Amino acid sequence: MSSIEIPDKVNLIGSYAFSESALVSIDIPEETLSIPSYLFQNCPKLNSVSFNGNITQIYSYAFYQCKSLTSFTIPESVRYIGSYVFHSSGLNSIEFPSQIVSIPTFVCMSCKNLKSVYFKGNVTTIGNRAFSECSILQWAVIPETVTFMDGDAFSSTDIRNITIPDKIT
C-alpha cells in the first residue's frame, strides 16, 4: 500500500494503524483532531503527510524512523507534541508553531539530515536531548520566551550559530 484515502468522517485513527507499512503519502481528514502514538512509526517510504483540518495534538513516536520524511509542516493548530515524534526521521528543517509551549524530550533526536530549527513565539521549555545527535544541525534561534533549556538539548550537533536569551536557566 503506497497511499490510502481516509474517509472525511473519520475523527479517530488508532495507534500503530500504519506502523511499519510501505505507505508513501497520506491526507489526514478534516475531522481527525490528533495523530496517535506510533501511527507512522518506521514507515521508511513515507514522504508526504497533509492535513485538511485542525490537528491539535501529535503524540509520541508518531513519525519515528520515517527516513523519507524530509519535509513536514506542523499545522498552526497544534498545541501539543509528544516525545520522540520525529526521532530518527529524515527531516531537513523544522518549524514549531506558536501554540506549542514545550518542546519535548527526544523530539528530533538523531535526525541526521536536520540543518535548522525554527520556533514561533511561545515556547518556554526545550527538553532533554530534543535535538541531540542531529549531526549536521547548524542553526537555531531560541526565542525570548524560553526560560528553561536542558543542557543536552543540542548535544552532539554541528551548531555554528545559535542565539540564546539571557534569562534561560
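This is a dialogue on reading a few local features of a predicted model.

Visitor: Where should I start with salt bridges, and how many does a search of the whole structure find?

Guide: The criterion is a side-chain nitrogen of Lys or Arg within 4 Å of a carboxyl oxygen of Asp or Glu. A search of the whole structure finds four salt bridges. One of them pairs the side chains of Lys 120 and Glu 76, with an N to O distance of 2.7 Å. Lys 120 lies in the loop between strand 9 (116-119) and strand 10 (125-126), and Glu 76 in the loop between strand 5 and strand 6, so the contact ties together parts that are 44 residues apart in sequence.

Visitor: Which other residue meets Lys 120 in a salt bridge?

Guide: Glu 95 does, at 3.1 Å from N to O. This pair also links distant parts of the chain: Glu 95 is in strand 7 (residues 93-96), while Lys 120 is in the loop between strand 9 and strand 10, 25 residues away. On accessibility, Lys 120 is partly exposed at 33%, Glu 76 is partly exposed at 39%, and Glu 95 is partly exposed at 35%.

Visitor: What about Arg 160 and Asp 158?

Guide: Their side chains form a salt bridge of 2.9 Å, N to O. Arg 160 counts as exposed, with 63% relative accessibility, whereas Asp 158 is partly exposed at 27%. As for shared partners, salt bridges join Glu 76, Glu 95 and Lys 120 into one network.

Visitor: Which residues gather in a patch of negative charge on the surface?

Guide: For a charge patch, the residues considered have over 30% relative accessible area and no salt bridge. Here Glu 5, Asp 8, Asp 27, Glu 30 and Glu 31 make up a negative surface patch. Asp 27 sits in strand 2 (residues 25-28). Asp 27 can be a member because its relative accessible area, 43%, is over the 30% cut-off.

Visitor: Which backbone angles deserve a look, and where is Tyr 38 placed?

Guide: Look for a positive phi in a residue other than glycine; Tyr 38 has one, near 60 degrees. Tyr 38 is in the loop between strand 3 (34-35) and strand 4 (48-51), and is partly exposed at 24% relative accessible area. Ser 156 is another such case, with phi near 55 degrees. Ser 156 lies in the loop between strand 12 (148-149) and strand 13 (161-163), and its relative accessible area of 53% makes it exposed.

Visitor: Is Ser 77 buried or exposed?

Guide: Ser 77 is buried, at 17% relative accessible area. Its place is in the loop between strand 5 (57-58) and strand 6 (80-81).

Visitor: How far apart in sequence and in space are Ser 77 and Ile 136?

Guide: Ser 77 and Ile 136 are separated by 59 residues in sequence and by 29 Å in space, taken from C-alpha to C-alpha.

How values were computed. Residues numbered from 1 in each chain as written. Predicted model: local features only at pLDDT ≥ 70, side-chain atom pairs only at ≥ 80, totals over all residues. Heavy atoms only, no water. Patch = residues over 30% accessible without salt bridge, like charges linked within 9 Å, V, L, I, M, F, W, Y side chains within 5 Å. Areas by Shrake-Rupley, 256 points an atom, 1.4 Å probe, with all protein chains shown as cover. Lys, Arg positive; Asp, Glu negative; His and termini not counted. Charge placed at Lys NZ, Arg CZ, Asp CG, Glu CD. Helix = DSSP H or I, 4+ residues; strand = E, 2+ residues; numbered from the N terminus. Buried < 20%, exposed > 50% of the residue type's maximum accessible area, 1.4 Å probe, protein only.
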